[in-house]
Amino acid sequence: MKRFMVNLFVLLMLSVNLPGCGYTVGNSYQPDVQTVYVPIFENQTLRRGYEYQLTEAVQRKIQSRTPFRLAKGIEADTKLTGTIRKINKSVLGTTQNDDPRNLNLEFVVDVTWEDMRSGQILSQQQVPITADVVNLVSQASFAPEVGQSLATATQRVTDELANQIVQLMEAPW
């Protein structure tokens, strides 16, 4: 028993002294950021209303997945802005009567996360577009014949984009 305890003690001491392997204790978000301002995303397409749905999805994800609080304007530490650049609905397949059988909905969104205190861009550059903008794409296909709709596809696309945007808010390794 004494030998077991000595071995356990040595194992614990070795594990404490091992160099880090990329894991962190606690959350993986910026510790100096407390609040985020998320204004309504811009929409540069002719399809209206999607900017409100996407902004709301992003705000919900920030509240549920991050330690950040939402704030208004200059009260916030950071500002997350976005622009919907493209919304494309295309037909993937048709029926014998040329009715759409399977469709695809695609969103292209630019997102910038800025520190309002210093003006520094905080977002990780996962897609090389420019130094301060990250371009995100999400798509969902839907089949009206089986009860799926543009509304359900839009919900899936906006939720996926919101997940991607909140992932950009994680602290770099």
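Reply: Let us begin with phenylalanine 107, which has 0% relative accessibility and so counts as buried, a word that here means under 20% relative accessible area, with exposed meaning over 50% and partly exposed in between, for a 1.4 Å probe and protein chains only. This is a predicted model, in which local features need pLDDT of at least 70 and side-chain atom pairs count only at pLDDT 80 or more, while totals for chains, interfaces and linings use all residues. Residues are numbered from 1 along each chain as its sequence is written, and side-chain values use heavy atoms, with hydrogens and water left out.

Me: How is the pair formed by the rings of tyrosine 50 and phenylalanine 107 classed?
Reply: Rings of Phe, Tyr and Trp (its six-membered ring) pair if their centres lie within 6.5 Å, and planes under 30 degrees apart count as stacked, over 60 as edge-to-face and the rest as tilted. In tyrosine 50 and phenylalanine 107 the ring centres are 5.5 Å apart and the planes stand at 85°, so the pair is edge-to-face.

Me: How many residues apart are tyrosine 50 and phenylalanine 107?
Reply: Helices (H or I, at least four residues) and strands (E, at least two) are DSSP runs, numbered from the N terminus. Tyrosine 50 sits in helix α2 and phenylalanine 107 in strand β5, so that the pair links distant parts of the chain. Their separation is 57 residues.

Me: Is tyrosine 50 buried or exposed?
Reply: The relative accessibility of tyrosine 50 is 11%. With that value, tyrosine 50 counts as buried.

Me: How is the pair of phenylalanine 68 and tryptophan 113 classed?
Reply: Phenylalanine 68 is buried at a relative accessible area of 3%, and tryptophan 113 counts as buried at 1% relative accessibility. Their ring centres are 5.8 Å apart and their planes meet at 50°, so the pair is tilted.

Me: What pattern does the chain follow along the sequence?
Reply: The chain has three helices and six strands. Read along the sequence, their pattern is α-β-β-α-β-β-β-β-α.
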